[in-house]
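This report describes one protein chain, element by element.

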Amino acid sequence: MLKRELPVSFYFRIFTFFFYKMTTKIIDLSHPIAAGMPVYPGTPAPVVKTLAQIASDGYREDSLALSSHTGTHIDAPAHVFLDGASLDQYPPETFLGTAFCMALLPEESLQLEVLRWLLEAEKAPDFILFYTAWEQCWGTPAYFDQYPMLHRQSAELIGSLSPRAIGIDAPSFDRVSDTAYPLHRFFLAKNILLIENMCGLKPLAGQFFTLLCAPLPLAEADGAPARIFAVLDHENIERP
Ligand SMILES: [Zn+2]
């Protein structure tokens with residue numbers, strides 16, 4: 001019988017697959033979507049209804065009713081501008097790239113110091129995430145009150161770094177009471193998308209890594225819930 005030789009590229013693929021599996025760690029940065037979860041003041045909570053059950057119907061199916069800004073989600077320019085781009089207008093490669101996570105320090109001078117370092121190091125990542133530890137208030141009324149904010153000068157420095165998106169583990173980049181939405185308008189006018197209600201950022205503070213943030217494929221979306229993963233390679237994992 002003739003023995004078919006497998007091409008060298010096949011073995012190489014197998015090797016790289018296992019090497020990747022052994023040296024890569026993935027962290028989920030999104031809150032689960034569930035009935036009764038925290039929602040922005042005035043936004044309806046998600047409603048989950050049972051349409052079919054395995055015991056009676058042989059299969060299970062639920063219906064979901066959600067705001068486009070439920071849980072961990074991405075804001076598009078269409079959120080605050082009549083002629084703004086909607087999320088579905090961005091090509092898929094927008095949502096995969098390099099990221100840096102910065103601890104959002106309360107003082108303006110400290111925020112600026114880290115951002116200037118990023119600017120001067122010419123390491124401009126595709127995504128800049130802010131770890132504020134505010135996630136610890138998730139599920140309490142305090143979550144939507146007095147959460148950490150970017151200072152205006154920091155926002156301007158971020159604008160000059162031109163990331164594709166910035167993200168935070170707090171409900172918004174503006175105060176709930178500030179209905180002029182100054183930082184939403186500032187960033188979204190520059191085509192910098194906003195990721196809100198992130199979680200799990202603590203181990204990423206001060207690190208560079210790969211980020212995948214995939215919004216639901218909603219047509220003409222002013223925003224959409226997103227599943228977000230940090231992909232860490234062996235360099236990230238070995239660092240203390
Ligand atoms: Zn939003």
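Directly after helix H4 comes Ser162, a residue with a positive phi near 45°. The coordinates discussed here belong to a predicted model. Ser162 sits in the loop that joins H4 to E7, and its positive phi is that of a residue other than glycine. Most residues other than glycine have a negative phi. Is Ser162 buried or exposed? Ser162 is exposed, because it has 11 C-beta neighbours inside 10 Å, and the limit for an exposed residue is 12 or fewer.

**Residues with positive phi after helices**

|---|---|---|
| H3 | Glu122 | positive, near 50° |
| H4 | Ser162 | positive, near 45° |
| H5 | Asn191 | positive, near 70° |

Asn191 belongs to the loop between H5 and strand E8, which covers residues 193-196. Like the other entry discussed above, Asn191 is a residue other than glycine with a positive phi, here near 70°. Asn191 has 15 C-beta neighbours inside 10 Å and therefore counts as partly exposed.

**Helix H4 and its buried side**

Which residues of H4 are buried? They are Ser154, Ala155 and Ile158. Around the axis these residues cover an arc of only 100°, so they lie on the same side of H4. An α-helix has 3.6 residues a turn, so residues three or four places apart point the same way. On the face turned away from the buried side, H4 carries Arg152 and Ser160, which are exposed. The packing partners of the buried H4 residues are H3, strand E6 (127-131), strand E7 (165-168) and helix H5 (182-189).

**H3 against H4**

H3 is one of the partners of the buried H4 residues. Helix H3 runs over residues 108-120 and helix H4 over residues 152-161; their axes come within 9 Å and cross at roughly 10°. Angles under 35 degrees count as roughly parallel, and H3 is therefore roughly parallel to H4. From H3, the contact is made by Glu108, Gln111, Leu112, Leu115, Arg116, Leu118 and Leu119. From H4, it is made by Gln153, Ser154, Leu157, Ile158, Ser160 and Leu161. Sorted by class, this contact has 7 nonpolar, 4 polar and 2 charged residues. Ser154 and Ile158 take part in the contact with H3, and both are among the buried residues of H4. Ser160 also takes part in the contact, although Ser160 is an exposed residue on the face turned away from the buried side.

How far apart should the ends of H3 be? The 13 residues of H3, at 1.5 Å a residue, should span 18 Å, and the end C-alpha atoms are 18 Å apart, which agrees.

**Helix H5**

The buried residues of H5 are Leu183, His184, Phe187 and Leu188. Viewed down the axis of H5, they fall within an arc of 120° and so line one face of the helix. They pack against strand E4 (73-75), H4, E7 and E8.

His31 lies in the loop between strand E1 (25-28) and strand E2 (47-52). Why does His31 count as buried? It has 22 C-beta neighbours inside 10 Å, and the threshold for a buried residue is 20 or more. Leaving out residues up to four places away in sequence, His31 touches Met37, Gly71, Thr72, Trp138, Asn197 and Cys199. His31 and Pro225 are 194 residues apart along the chain, yet their C-alpha atoms are separated by 9.7 Å.

Thr23 is part of helix H1, residues 8-23. With 14 other C-beta atoms within 10 Å, Thr23 is partly exposed. Thr23 and Leu51 are 28 residues apart along the chain, and 42 Å separates their C-alpha atoms.

**The chain as a whole**

The protein chain contains 6 helices and 10 strands. Its C-alpha trace spans about 75 × 60 × 35 Å along the principal axes. Of the 240 residues in the chain, 30% are buried. Among contacts with a separation of 6 or more, 74% are between residues 24 or more positions apart.

Terms used:
Residues numbered from 1 in each chain as written. Predicted model: local features only at pLDDT ≥ 70, side-chain atom pairs only at ≥ 80, totals over all residues. Axes fitted to C-alpha atoms, helices over the stretch in contact; angles between N-to-C directions. Helix = DSSP H or I, 4+ residues; strand = E, 2+ residues; numbered from the N terminus. Parallel < 35°, antiparallel > 145°, perpendicular 65-115°, else oblique. Contact = placed C-beta atoms within 7 Å. Nonpolar A, V, L, I, M, F, W, Y, C, P; charged D, E, K, R; others polar. Expected span 1.5 Å × (residues − 1). Arc of directions from axis to C-beta.
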